[in-house]
Amino acid sequence: MGTHKNTACCSGEMKTERVARDPELEACNKSLESSDENKVQMIKGGLFLGTVAAVGMLAGFGTTLAMAKKKSPGWFHKGMAASIAVPENGASLALKALGWGSLYAWCGVGLLSLTIWKTVGAHSMTEFREKMQTIFPEIPKSTDVEVAEHFNWESLFKSK
């Protein structure tokens, strides 16, 4: 399959070229473009989720620190400086605990994810998604408005 394409040469004469259009090559080019777009989308998504997680961690830690200072300012200031009884101040102990806890959490989730990934035998994210969809049942999408109308929050929180 081919088409003819007219191009102008430097001398001004028209020259006819045969341009090959192979459907398989076009499909391959489109899939390569879409895979590049997918990679860019995955990187953007990862950066977004990482940023949201970091902001959430900082906000949570800052809020907890502010609540502790507000609740008992005397003990808070006592913990800021090292003493004979406690050779390390409270802030450094808290930072150590936060660091070790974060490390354990990241490693634990990573190990769990890797174990599931290897157990399923996936080689790409789309393959992993497809295999997980075959393992777990599909969540039905309920469009019933009646269910939302009959649900009563007051009955949920009533004391027995």
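The largest pocket of this predicted model is lined by Phe61, Leu65, Ala68, Ser72, Trp75, Phe76, Gly79, Met80, Gly90, Ala91, Ala94 and Leu95. A pocket here is an open set of points on a 1 Å grid over the protein atoms alone, where a 1.4 Å probe fits, with protein on both sides within 12 Å along at least five of seven lines; lining residues have an atom within 4 Å of a point. Helix 1 (23–71), helix 2 (73–80) and helix 3 each give two or more residues to this lining. Helices (H or I, at least four residues) and strands (E, at least two) are DSSP runs, numbered from the N terminus.

The second largest pocket has its own lining, made up of Ser35, Asn38, Met42, Ser124, Met125, Thr126 and Arg129. The elements that supply two or more of these residues are helix 1 and helix 4. For the classes, Ala, Val, Leu, Ile, Met, Phe, Trp, Tyr, Cys and Pro count as nonpolar, Asp, Glu, Lys and Arg as charged, and the others, Gly among them, as polar.

| Pocket | Volume | Lining by class |
|---|---|---|
| Largest pocket | about 190 Å³ | nine nonpolar, three polar, no charged residues |
| Second largest pocket | about 160 Å³ | two nonpolar, four polar, one charged residues |

Now to the aromatic residues. A search of the whole structure turns up two aromatic pairs. The rings of Trp100 and Tyr104 have centres 5.8 Å apart and planes at 40°, so this pair is tilted. Rings of Phe, Tyr and Trp (its six-membered ring) pair if their centres lie within 6.5 Å; planes under 30 degrees apart count as stacked, over 60 as edge-to-face and the rest as tilted. Trp100 and Tyr104 are separated by about one helical turn because they sit four residues apart in helix 3 (residues 90–120). Both Trp100 and Tyr104 are exposed, where exposed means over 50% relative accessible area, buried under 20% and partly exposed in between (1.4 Å probe, protein chains only).

The other pair, Trp117 and Phe128, is stacked, with 5.2 Å from centre to centre and 20° between the planes. This pair links distant parts of the chain, 11 residues apart: Trp117 is in helix 3, and Phe128 is in helix 4 (residues 125–135). Trp117 has 23% relative accessibility, so Trp117 counts as partly exposed. Phe128, at 18%, counts as buried.

If you are looking at Lys69, you will find this residue in helix 1. Lys69 is partly exposed, with a relative accessible area of 39%. Beyond its neighbours within four places in sequence, Lys69 is in contact (heavy atoms within 4.5 Å) with Phe76 and His77.

Stepping back to the whole chain, there are six helices and two strands, and along the sequence they follow the pattern β-β-α-α-α-α-α-α. Of the 160 residues, 4% count as buried. Among contacts between residues at least 6 apart in sequence, 7% join residues at least 24 apart. The chain exposes about 14,500 Å², of which carbon and sulfur atoms supply 66%; accessible areas come from the Shrake-Rupley method with a 1.4 Å probe, and for residues only the protein chains shown count as cover.

Residues are numbered from 1 along each chain as its sequence is written, and side-chain values use heavy atoms, with hydrogens and water left out. In this predicted model, local features need pLDDT of at least 70 and side-chain atom pairs count only at pLDDT 80 or more, while totals for chains, interfaces and linings use all residues.

Technical notes: Grid points are joined across faces, edges and corners, and a volume is the space filled by probe spheres set on the points.
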